[in-house]
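Here are my notes on the model you sent over.

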Amino acid sequence: MTSRGSNELREYRRELRDIINSLKNLEFSLRNDFKNVGNKQCADSVNSVIVKYESALRTLNSVNASTLDRLKKASDDAKKVSYR
């Protein structure tokens, strides 16, 4: 992975944070703006998605871009050898 790849990783993290924040706003609205229309069940469903996305974000945050750089280079090198 190049610096472009590192930038992409940062962009993925930012985009996932934005999605999580939007879902949190939706969950809050469902819980507080709607009553007696299954709002709690719907909000709970949205919350379960938030929990999964937060887990994915933690995983993305734990990825070291330099490790990805090394893996990408190794992959490219292996492709060059196998095509000879």
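The numbered points below go from ground rules and confidence to the core, the salt bridges and the surface.

1. **Ground rules.** This is a predicted model, with local features needing pLDDT of at least 70 and side-chain atom pairs counting only at pLDDT 80 or more, while totals for chains, interfaces and linings use all residues. Residues are numbered from 1 along each chain as its sequence is written, and side-chain values use heavy atoms, with hydrogens and water left out.

2. **Confidence.** The chain has a mean pLDDT of 88, and 92% of its residues reach 70 or more; pLDDT is the predictor's confidence in each residue, from 0 to 100. Where is confidence lowest in the chain? Helix α3 (residues 65-82) is the place, with a mean of 80, whereas α2 has the highest, at 96. Helices here are DSSP runs (H or I, at least four residues), numbered from the N terminus.

3. **The core.** Eight residues form the largest nonpolar core: L16, I20, L23, L30, A43, V46, I50 and L57. The elements giving two or more residues to this core are α1 (3-33) and α2 (39-62). By nonpolar core I mean a set of buried Ala, Val, Leu, Ile, Met, Phe, Trp, Tyr and Cys residues joined through side-chain atoms within 4.5 Å. Buried is under 20% relative accessible area, exposed is over 50%, and partly exposed is in between (1.4 Å probe, protein chains only).

4. **L30 close up.** Which residues does L30 contact, leaving aside its neighbours within four places in sequence? They are N39, C42, A43 and V46, where contact means heavy atoms within 4.5 Å.

5. **R13.** This arginine is one to click on: R13 sits in helix α1, and at 16% relative accessibility R13 counts as buried. Not counting residues up to four places away in sequence, R13 touches L57, L60, N61 and V63.

6. D18 is partly exposed at 37% relative accessible area, and R14 is partly exposed at 36%.

7. **E27 and R31.** Here the side chains meet in a salt bridge, at 3.1 Å from N to O. E27 and R31 are four residues apart in helix α1, so about one helical turn separates them. Is E27 buried or exposed? E27 counts as buried, at 11% relative accessibility, while R31 is partly exposed at 28% relative accessible area.

8. The side chains of D77 and K73 form a salt bridge at 3.0 Å, N to O. D77 and K73 both belong to helix α3, four residues apart, about one turn of the helix. D77 is partly exposed at 31% relative accessibility, and K73 is exposed, with a relative accessible area of 53%.

9. **A nonpolar patch.** I19, V49 and Y53 make a nonpolar surface patch of about 210 Å². Patches are made of residues with over 30% relative accessible area and no salt bridge; like charges are joined within 9 Å and nonpolar side chains (Val, Leu, Ile, Met, Phe, Trp, Tyr) within 5 Å. The areas come from the Shrake-Rupley method with a 1.4 Å probe, and for residues only the protein chains shown count as cover. I19 lies in helix α1 and is partly exposed at 34% relative accessibility.

10. **Distances to check.** The C-alpha atoms of I19 and E54, 35 residues apart along the chain, are separated by 10.0 Å. Y12, in helix α1, is partly exposed at 47% relative accessible area, and its C-alpha is 8.2 Å from that of L60, 48 residues away along the chain. S45 is in helix α2 and is partly exposed, at 44% relative accessible area.

Technical notes: Salt bridge = Lys/Arg side-chain N within 4 Å of Asp/Glu carboxyl O.
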